[in-house]
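Hello,

Here is the structure I promised to pass on. Have a look at it first, and then read my notes below.

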Amino acid sequence: MRVLSYDEVAGRAGIVRRTLERLISEGKGPAIVHISKRRRGVLEADCDSWLLSRRRPAPGEKPSDKPEAA
């Protein structure tokens with residue numbers, strides 16, 4: 001089980017850290033782990049699940065054409 005930093009999660013998602021922090025505060029981001037009083041992170045599996053949950057069909061793609069999650 002690996003814990004990713006906010007910077008690592010933002011990099012995987014292709015967004016800046018501040019956008020990730022905003023999404024988390026709005027309840028739209030991945031679940032976070034409180035590592036210590038001042039340190040937060042995201043489990044790698046939670047990051048992957050969150051990214052897959054945000055997937056939408058491309059224009060012209062049928063929703064059933066979606067690949068299965070690994």
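Two strands count as paired if DSSP finds at least two bridges between them; helices (H or I, at least four residues) and strands (E, at least two) are DSSP runs, numbered from the N terminus. This is a predicted model, where local features need pLDDT of at least 70 and side-chain atom pairs count only at pLDDT 80 or more, while totals for chains, interfaces and linings use all residues. Residues are numbered from 1 along each chain as its sequence is written, and side-chain values use heavy atoms, leaving out hydrogens and water.

The sheet is open and antiparallel, with three strands in the order β1-β3-β2. β1 (3-4) and β2 (33-34) each have a single partner strand, so one side of each has no neighbour in the sheet. Within β3, Val42 is the bridge partner of Leu4.

Both of these residues belong to the largest nonpolar core, which has ten residues. Such a core is a set of buried (under 20% relative accessible area, with exposed over 50% and partly exposed in between; 1.4 Å probe, protein chains only) Ala, Val, Leu, Ile, Met, Phe, Trp, Tyr and Cys residues joined through side-chain atoms within 4.5 Å. Helices α1 (6-13), α2 (17-25) and α3 each supply at least two of its residues.

There are nine salt bridges (a side-chain nitrogen of Lys or Arg within 4 Å of a carboxyl oxygen of Asp or Glu). One of them joins Arg12 and Asp48 at 3.2 Å, N to O; Arg12 is in α1 and Asp48 in α3, 36 residues apart.

Best wishes
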